[in-house]
Amino acid sequence: MTGAAAAGLLAGCSDAGGGRDSAAAEREAAKRAEAALRERTSAASRALVGQYDAVLAMHPALRDRLAPLRDQAAQHGTALASAPAAGPNPTATRAPGVSTVPADADDALKQLADAERRTSDAQLAAVAAAPPELARLLASVAASGAGHAYLLGGGA
């Protein structure tokens with residue numbers, strides 16, 4: 001009887017340890033998922049900064065209008081990143097997906113407004129998969145991006 005009781009006790013301890021391991025594994029998986037979500041959304045903001053840079057290089061006369069919006073997009077990328085950047089991010093100056101900037105400034109602004117809207121929509125869609133604190137940040141960043149699109153003339 002004593003051996004059976006000891007075996008049951010050991011089995012109970014082993015199950016309890018498995019529960020802790022399972023909870024720890026779930027927490028670790030959640031951390032990895034959040035880090036991946038932060039990287040995706042941060043990368044989208046960095047790509048947007050690259051698009052601003054491309055438009056500014058082609059149309060320097062737009063600097064006064066675009067610089068504050070570009071700076072906010074850069075701040076969004078930093079805020080969404082998993083860890084603070086040690087220095088300038090080399091991908092922040094590249095514009096993936098933007099092969100050319102229209103020669104017409106109005107067309108360039110429309111293209112930039114579309115990029116803001118796409119980025120904002122993607123960040124808003126990511127809210128559903130985010131933990132509460134990150135979801136609030138993503139919602140705020142998405143709202144800011146929608147405002148940028150409007151200010152760039154791409155509203156409605």
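Reader: What should I know before starting?

Author: The model is predicted, so local features need pLDDT of at least 70 and side-chain atom pairs count only at pLDDT 80 or more, while totals for chains, interfaces and linings use all residues. Residues are numbered from 1 along each chain as its sequence is written, and side-chain values use heavy atoms, with hydrogens and water left out.

Reader: How many helices and strands does the chain have?

Author: Helices are DSSP runs of H or I with at least four residues; strands are runs of E with at least two; both are numbered from the N terminus. Here there are four helices and zero strands. The order along the sequence is α-α-α-α.

Reader: What share of the residues is buried?

Author: Buried means under 20% relative accessible area, exposed over 50%, partly exposed in between, with a 1.4 Å probe and protein chains only. Of 156 residues, 33% count as buried. The chain exposes about 9,200 Å² (Shrake-Rupley method, 1.4 Å probe). Carbon and sulfur atoms supply 60% of that area.

Reader: What span should helix 3 have?

Author: The expected span is 1.5 Å times one less than the number of residues. Helix 3 covers residues 105-126, and its 22 residues should span 32 Å. Its end C-alpha atoms are 32 Å apart, which agrees.

Reader: Which residues of helix 3 are buried?

Author: The buried residues are Ala108, Leu109, Leu112, Ala113, Ala115, Glu116, Thr119, Ser120, Gln123 and Ala126. They cover an arc of only 160 degrees around the axis, which puts them on the same side of helix 3. The arc is taken from the directions from the helix axis to the C-beta atoms. On the other side, Asp106, Lys110, Arg118, Leu124 and Ala125 are exposed. At the start of helix 3, a side-chain oxygen of Asp104 comes to within 3.2 Å of the backbone nitrogen of Asp106.

Reader: Which residues of helix 2 are buried?

Author: Leu66, Leu69, Ala73, His76, Gly77 and Leu80 are the buried ones. They cover an arc of only 100 degrees around the axis, which puts them on the same side of helix 2. The face turned away from that side carries exposed Asp64 and Gln75. As for length, the 18 residues of helix 2 should span 26 Å; the end C-alpha atoms are 25 Å apart, which agrees.

Reader: Which residues have the most contacts inside the largest nonpolar core?

Author: In soluble globular proteins, nonpolar side chains tend to be buried together. A nonpolar core is a set of buried Ala, Val, Leu, Ile, Met, Phe, Trp, Tyr and Cys residues joined through side-chain atoms within 4.5 Å. The largest here has 16 residues, and Tyr52, Val55, Leu66, Leu112 and Leu152 have the most contacts inside it. Helix 1 (2-58), helix 2 (63-80) and helix 3 each give two or more residues to this core. A second, separate core of eight residues includes Leu37, Leu80, Ala135 and Val141.

Reader: What does Leu152 touch?

Author: Contact means heavy atoms within 4.5 Å. Not counting residues up to four places away in sequence, Leu152 touches Tyr52, Arg65, Leu66, Leu69, Leu109, Leu112, Ala113 and Glu116. Across the chain, residues 24 or more positions apart account for 78% of the contacts with a separation of 6 or more.

Reader: Is His59 buried or exposed?

Author: His59 counts as buried, at 11% relative accessibility. His59 lies in the loop between helix 1 and helix 2. Beyond its neighbours within four places in sequence, His59 is in contact with Val101, Pro102, Ala103, Asp104, Ala105 and Ala108.

Note on methods:
Polar contact = N/O pair within 3.5 Å; in protein donor to acceptor, adjacent residues only side chain to side chain.
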